[in-house]
Amino acid sequence: MQQSIGIGLAGLGNVGAGVFKHLQANRTLLRERLGLDLEVRRIAVRDSARRASEGFPSALLTENWRELVEDPSVQIVVEVMGRREESLALILESIARKKIVVTANKALLAEHGREIFEAATKYGVPVFYEAAVGGGIPIIKALREALIGNHIISIHGIINGTSNYILTRMQEAGLSFPAALAEAQAAGYAEPDPAFDVNGWDAAHKAIILASLAYGFWVPTDKIFVEGIENLTSADFRFARQLGYGIKLLGIIKATSSTPGSEIEVRVHPTLVPEKHVLASVNGVFNAIAVHGNVVGETLFYGRGAGQDPTSSAILCDIAEAAEALANPRRNLGFMPHGLYGCCKPLDNILSEYYLRLCVEDRPGVIAKISGILGELQIGISSIFQPEADEEGSTVPLVMMLHTATHAQMRTALERIGALDCVCKPPQMIRAEHFS
Ligand code: HSE
């Protein structure tokens with residue numbers, strides 16, 4: 001007689017419905033592989049009458065998630081409600097009742113990861129969250145287990161599919177940002193309110209989770225740098241291509257060194273990526289995460305970062321691991337805090353290379369003034385070109401690639417350059433990454 005494990009599914013939206021469907025469809029396969037039978041015993045929903053009419057078993061439905069948490073036959077709670085306070089309450093309550101938690105809630109983990117894992121440690125209950133980053137890409141398990149013997153030197157990730165779709169369309173079809181966003185919404189990729197996808201914060205929540213996992217402490221949300229893709233123009237893609245780059249929204253996570261106490265940096269922003277680098281070829285809604293470990297070297301994880309099926313695949317992995325953890329209690333509860341790292345690099349000290357596009361008056365002496373400011377601030381120019389004039393002819397774009405400088409140096413440079421009479425619009429600056 002095989003042991004049966006009871007699952008409580010909190011949420012029956014797109015992801016929850018996918019988990020239910022795939023758990024039923026692959027139940028025999030999972031039973032064969034695990035030697036355990038996985039059975040959904042309770043489902044918390046907002047509108048049980050509607051869900052029953054859609055064919056979900058009415059005997060399992062409840063509109064009160066507490067019933068699911070309090071049900072003694074439920075051993076694993078799968079949180080796919082995607083809310084904040086309610087999801088946090090459900091997770092903490094489940095942990096306190098010694099139920100293993102599976103969640104896809106990246107915003108919640110990024111903001112309350114520390115609190116959640118303090119509770120997990122107190123009660124000795126694992127929390128799994130494979131679906132929180134990269135959809136179906138098994139990046140959490142890779143960092144937590146496969147790369148456990150590595151100091152992580154860097155992580156570079158395309159971790160928001162909607163923004164990657166928009167950037168791909170701007171690059172390949174020359175669309176403006178609003179036109180590419182409208183296309184993403186029409187295709188059903190962007191949410192009706194796509195704010196978190198385009199302002200960088202969806203990727204930032206995922207970057208916080210990856211960084212925290214890689215470096216063993218929960219990275220505070222106010223210690224990271226986040227910039228969205230809203231201000232990119234089709235001209236930037238054109239000029240970047242002429243310079244040999246594509247533009248991607250990257251999550252960049254780095255340790256200054258692998259020595260104890262080393263600072264780490266976490267940032268999300270549009271980034272010039274050399275066309276020859278593999279991340280420049282990751283297009284459309286796909287995600288990809290390059291992890292550099294000090295033992296393994298370079299690794300790359302690629303796949304669908306969103307959608308019902310890839311997300312369900314990640315949650316099935318967590319449910320299977322949770323079922324095994326019930327049988328074999330373990331030390332690794334899903335997050336392994338340690339004290340080798342613990343502080344973030346001050347944002348002003350973060351080093352980068354830069355692309356700078358200016359709209360300037362077409363008259364002698366302009367380049368001298370701009371390069372004079374950069375020179376005074378010890379910022380070197382690696383290349384400079386002045387493409388075709390604007391339609392009215394009195395202003396021209398001026399595009400430069402700048403050598404490595406700190407954020408603080410660049411901020412001062414942009415303030416001083418932007419204040420020049422000969423500079424007609426606010427400067428456009430995009431960071432560049434050479435993966436060295
Ligand atoms: N909205 C996200 C994306 C998927 O576009 O990648 C969920 O994290």
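In which strand does Cys-359 lie? The answer is strand S14, which covers residues 351-361. The model is a predicted one. Cys-359 has a relative accessibility of 10%, so this residue counts as buried. The cut-off for buried is under 20%. Ala-314 gives a sense of scale. Cys-359 and Ala-314 are 45 residues apart in sequence. In space their C-alpha atoms are 47 Å apart.

Now turn to the ligand. Its shell consists of Lys-106, Asn-160, Gly-161, Thr-162, Asp-197, Asp-202, Lys-206 and Ala-306. By class, these residues divide into four charged, three polar and one nonpolar. Two helices each supply at least two residues of the shell: helix H8, residues 161-173, and helix H11, residues 201-215.

Which atoms of the protein come within reach of the ligand's oxygens? How much of the ligand does the protein bury? Taken alone, the ligand exposes 260 Å², and the protein buries 82% of that.

Two residues of the ligand shell, Asp-202 and Lys-206, also pair with each other. They form a salt bridge, with the closest N and O atoms 2.6 Å apart. Why are they about one helical turn apart? They sit in helix H11 and are four residues apart, so about one turn separates them. Both Asp-202 and Lys-206 are buried. Elsewhere, salt bridges with shared partners join Lys-141, Arg-144, Glu-145, Glu-321 and Arg-330 into one network.

Charged side chains deserve a wider look. Side chains of opposite charge can pair when their charged atoms come close. The model has a count of 29 salt bridges. One of them joins Glu-54 and Arg-51, at 2.7 Å from N to O. Are these two partners buried or exposed? Glu-54 has 41% relative accessibility, so it counts as partly exposed. Arg-51 has a relative accessible area of 15%, so Arg-51 is buried.

The side chains of Glu-183 and Arg-169 meet at 2.5 Å, N to O. This pair links distant parts of the chain: Glu-183 is in helix H9, residues 177-186, while Arg-169 is in helix H8. The two are 14 residues apart. Glu-183 is partly exposed, with a relative accessible area of 25%. Arg-169 is partly exposed too, at 24%.

Aromatic rings come next. A pair of aromatic rings is described by the distance of the centres and the angle of the planes. The count comes to nine aromatic pairs. Among them is the pair of Phe-239 and Phe-385, which is edge-to-face. The centres are 5.9 Å apart, with 85° between the planes. What does this pair tie together? Phe-239 lies in helix H12, residues 234-243, and Phe-385 lies in strand S15, residues 381-385, so the pair ties together parts that are 146 residues apart in sequence. Phe-239 has 2% relative accessibility, so it counts as buried. Phe-385 has 21% and therefore counts as partly exposed.

Phe-286 and Tyr-302 show another geometry. Their ring centres are 4.9 Å apart and their planes are at 0°, so this pair is stacked. The cut-off for stacked is planes under 30 degrees apart. The pair links distant parts of the chain, with Phe-286 in strand S11 (residues 286-293) and Tyr-302 in strand S12 (residues 297-304). The sequence separation is 16 residues. Phe-286 is partly exposed, with a relative accessible area of 22%. Tyr-302, at 47% relative accessibility, also counts as partly exposed.

One aromatic group goes beyond a pair. Phe-117, Tyr-129, Trp-218 and Phe-335 form one aromatic cluster.

Technical notes
Residues are numbered from 1 along each chain as its sequence is written. This is a predicted model: local features need pLDDT of at least 70, side-chain atom pairs count only at pLDDT 80 or more; totals for chains, interfaces and linings use all residues. Side-chain values use heavy atoms; hydrogens and water are left out. Buried means under 20% relative accessible area, exposed over 50%, partly exposed in between (1.4 Å probe, protein chains only). A residue is near a molecule or strand if one of its heavy atoms lies within 4 Å of it. Accessible areas come from the Shrake-Rupley method with a 1.4 Å probe; for residues, only the protein chains shown count as cover. Ala, Val, Leu, Ile, Met, Phe, Trp, Tyr, Cys and Pro count as nonpolar, Asp, Glu, Lys and Arg as charged, and the others, Gly among them, as polar. A salt bridge is a side-chain nitrogen of Lys or Arg within 4 Å of a carboxyl oxygen of Asp or Glu. Rings of Phe, Tyr and Trp (its six-membered ring) pair if their centres lie within 6.5 Å; planes under 30 degrees apart count as stacked, over 60 as edge-to-face and the rest as tilted.
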